[in-house]
Amino acid sequence: MMLRRSGFALAIATLSLLALSTMARAHKLRVQGAAVTVAGSSVTVTPSRDWNSLGKKIGKNTETWTLDGEQLNDVTFFAGIAPGNPLVKERSKKHAPLPKFTRTTLLVEVPELLEGTHRTYKNSGAFKLLSTQAATFLGRDGVFFTYEFTDEDQLTRRGEAHAAIIDGKLFMMTFEAPRLGYFARSENDFRALVTSARLR
Amino acid sequence: MTLGLLLAQQAGAATAPVPPPYAGAYQPQGVDEIGWWREDDESERKLAASNLVIHDETLTGYVKHVLCDAIGEERCRSVRVYIMREPTFNASMSPNGTMRVLSGLLLRVHNEAELAAVLGHEFGHFERRHFLEGFKAQRGGTDVLAWAAVLASFAPTYHTRRAYGDLELSIYGNLFRYQRNQEREADRLGIGYLNESHLRPQAAALVWQNLMAEIEASARAKGLKKPDFNKIAFTASHPPEGERAAYLADLAVPEGAVRDDGAARYRAALAPWLPLFLDDQIKLNDFGASEYIIQSLATGGWTADLWFARAELYRTRGNQRDLANAADFYAKAIEIGPARPEAYRGLGLALMKTGQPTTGQKALRTYLALKPDASDAGMIRMMLPGKGTE
């Protein structure tokens, strides 16, 4: 009996969540060739094809773009994460704290920061860094890294990220998609987006 | 306390039963059970192909062997063991004989006897077919799930669907949430197997004492007033650990105390996997629990792997005091040896961040010399002035 009641309460909670998410957040189309600022920051990108910008933000200073839905191809902008903040919004500051970007975080440690965030935030049991190398991002010295992880849905995804620390703030773009098919299909679209990124 | 004692006495009055004669290969009976087994078979097929299962014949064979040691060869034949890479404390057994053992459990137990206590307990649920008794609740539960799935499919974002995913987890959590009397029965059976085996039955109580201490340590480090035992999947459905540790200690046959607990064999079997399991735990960002686990593993002697894990844990938290400690721990790992090349990397980074770039760069150079093809070699090279092309 208890079981049933708590089950219904959960179902109602889901329903209200659903109503909320349809009302408040509108998705937007990002049209090919038109420069737009992302995540309310001073970063602009000029997409080489049409993208969808999702209305929901996973954290302060972030914005998510997708082609077929964020499970299939997810481009996330982290635009200006200030020291002392996590990459995405913490579900519970006390019970499930996330690793923070700090003043002393080095570029070479940014992959570890993303890894720690994924493991806690996405409950990703397996995460593997594939490569880390120096690269230019937003016209500054930055880091480019690739990784692979298996999410709760037991699907293995590939990811790549470009990051730079500019005036003490972290700027990063990540692209994540299922390893089979989807990653390779949109990899070049993401790279074009990275190349077009400018800091005003 | 008095309640705990009372319960312990009650449980103690009934001694652990000698395991009943094994009924042999059981086939599901009745439409409910047959249906459930069919779903369970399907779920096992998916599990076998899952990316989260650790496909290591040696490790899986070893865990199965420990289970067989506890419950006997004949019973053991009905079990298929799958080890999953998931850093939480849990193991479960489903009606058709699929046993899922999470890597977090392997990291937390110290010897064969402790592992056998947990696995024997899960087998107890299976042998008594406790699943069936909760079947009505299960059907109610899945009705809710079916409706929630329909609703969630309208949802515009992945996040809503993930909320559904969480719901799915919580309802399945309830499915395998046995009643407390069933838990006690499984406990008694579990310890009954251990009493009959060649392993030390006293280990069962230690598992719970350790788990309680870990949950408390985690809460302390997070600044919480009270540890929440219900947050942990395995403890949520089980009798309060304090009560449990007491009656388990009571049920263990006294003459078993001198038996072997298999700690050395366990350490040897886990050795190839320990660094990975520790790594998975540390990156969960649960400082208190990780520190407790490392300290607890170190009671058997500090090794380079343990010092390295502790250093990584402190460096990840990243306060200046943590970085100083981390540098110290990396140095200890290197001193004891054989340390992984990554110990030099961590040492170098920690030193550079605490204002000692010269010694830091020296350590980073050693890292590159030991592991020239490291995935981040290029980045590290950039941090070395003048030696960039080395």
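Modeller: In chain B, 53% of the 390 residues count as buried, where buried means under 20% relative accessible area, exposed means over 50% and partly exposed lies in between, with a 1.4 Å probe and protein chains only. This is a predicted model, in which local features need pLDDT of at least 70 and side-chain atom pairs count only at pLDDT 80 or more, while totals for chains, interfaces and linings use all residues. Residues are numbered from 1 along each chain as its sequence is written, chains are lettered from A and ligands numbered from 1 in the order in which they are written, and side-chain values use heavy atoms, with hydrogens and water left out.

The secondary structure of chain B comes to 21 helices and 3 strands, which are DSSP runs numbered from the N terminus (H or I over at least four residues for helices, E over at least two for strands). Because 11 of its 14 residues are buried, α17(B) is largely enclosed by the rest of the structure. Among these buried residues are B:L306, B:W307, B:F308 and B:Y314, and also the charged B:R310, B:E312 and B:R315. The buried residues pack against α15 (274-282), α16 (287-297), α18 (320-336) and α19 (341-353) of chain B, together with α2 (110-121) of chain A, contact being heavy atoms within 4.5 Å. Just after the helix, B:G318 takes a positive phi of about 80°. Further on, a cis peptide bond with omega of about -10° joins B:G337 and B:P338, and B:P338 is found in the loop between α18 and α19 of chain B.

α17(B) also takes part in a pocket: α2, β9 (126-137) and β10 (140-150) of chain A, with α15, α17 and α19 of chain B, each supply at least two residues of the lining of the second largest pocket. On a 1 Å grid over the protein atoms alone, a pocket is an open set of points with protein on both sides within 12 Å along at least five of seven lines, whereas a cavity is a set of points where a 1.4 Å probe fits but cannot get out, and lining residues have an atom within 4 Å of a point. Its volume is about 910 Å³, the space filled by probe spheres set on the points, which are joined across faces, edges and corners. Of the 37 residues that line this second largest pocket, the closest to its centre are A:F127, A:K128, A:L129, B:D279 and B:K283, and β9(A) gives the largest share of the lining, 5 residues. In the loop between β9 and β10 of chain A lies A:L138, where phi is near 55°, a positive value in a residue other than glycine; at 11% relative accessibility, A:L138 counts as buried.

Elsewhere in chain A, A:A39 is found in the loop between β2 (36-37) and β3 (43-45), and A:A39 has a positive phi of about 50° although it is not a glycine.
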